[in-house]
Amino acid sequence: MSQVEIVKVPTRILTDKDDIVDAIEKFAAKVGGVGPDDVVSVAESVVAVTQGMVVRPEDLNISIWAKIFCRVFPDEGSLASPHGLQSLFDAEGTLRVIVSLGIGFLAMPFKRGVFYQLAGYQAALIDEVTGTMPPFDKHIVYGPKDPQKVVEAIKSRFGCYGAMIADANDLHRCRVVGASNGLEAEEAAKLLLDNPFGNASQKVPIVIIKGFGKYIKNK
């Protein structure tokens, strides 16, 4: 069976002045480039940063509802602060989020995660301050916009087997935010459970899964 190799792609700090596809091309060339059987995976928070999908907490107008309802979220979550929850209100609508909270609470004895299914795309993706690399650790970072468009652009540029935007963490979890058409995304995500990304001082927002196409064909 063909084996895959996880290749980390270090970069400088990427900002909203960068195009993520151009950045992949520039920095991947330094580690051997991208081949036709490879999958390019990018950390979702860094894609969002390059799109300007960030807001400073002090620029938010915090509502009484954000101050009240943030208390129902676990302390370690991004929505547990008034600023984090207000950013979700601004993105998805206050009424939608509050109604989703009520339905999610009622559904909790029967099914977990209902709130995140109902509250909108950004509910599970918002990173509170310190959630990404400096200097954006002082910002709230939303999930990326048009993730499907981004991954298809990456695949088209490099002619690779596939591309994906991933939200990996140190709890051995990897959420697929966007995946190019035809990519066995959940299989690729399993290979990223050890979170090879480094969004802090490591500056490793890009990972290439080398030989993934051959791996799937021989699996």
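L118 counts as partly exposed, at 33% relative accessibility (buried means under 20% relative accessible area, exposed over 50% and partly exposed in between, with a 1.4 Å probe and protein chains only). The model is predicted, so that local features need pLDDT of at least 70 and side-chain atom pairs count only at pLDDT 80 or more, whereas totals for chains, interfaces and linings use all residues. Residues are numbered from 1 along each chain as its sequence is written, and side-chain values use heavy atoms, with hydrogens and water left out.

L118 lies in helix α6 (residues 114–118); helices (H or I, at least four residues) and strands (E, at least two) are DSSP runs numbered from the N terminus. Together with L95, V99 and I103, L118 makes a nonpolar surface patch of about 350 Å². Such patches consist of residues with over 30% relative accessible area and no salt bridge, in which nonpolar side chains (Val, Leu, Ile, Met, Phe, Trp, Tyr) are joined within 5 Å and like charges within 9 Å. A salt bridge is a side-chain nitrogen of Lys or Arg within 4 Å of a carboxyl oxygen of Asp or Glu. The largest contribution to the nonpolar patch, 3 residues, comes from helix α5 (residues 94–107).

The structure holds 5 aromatic pairs. One of them joins F115 and Y116 edge-to-face, at 5.0 Å centre to centre and with 75° between the planes. Rings of Phe, Tyr and Trp (its six-membered ring) pair if their centres lie within 6.5 Å; planes under 30 degrees apart count as stacked, over 60 as edge-to-face and the rest as tilted. F115 is buried, with a relative accessible area of 7%, while Y116 is partly exposed at 40%. Ring pairs also bring F73 into a cluster with F115 and Y116.

In helix α4 (residues 82–92), the buried residues are G84, L85, Q86, S87, L88, F89 and E92. These buried residues pack against α3 (64–69), α5, α6 and β4 (140–141), where contact means heavy atoms within 4.5 Å. Just after α4, G93 adopts a positive phi of about 105°.

The protein chain as a whole contains 9 helices and 7 strands. Its radius of gyration is 18 Å, close to the 17 Å that the globule rule gives for 219 residues, so the chain is as compact as a globular protein of that length; the radius is taken over C-alpha atoms, and the rule is 2.2 Å times the number of residues to the power 0.38. Buried residues account for 49% of the 219 residues.

Key. Areas by Shrake-Rupley, 256 points an atom, 1.4 Å probe, with all protein chains shown as cover.
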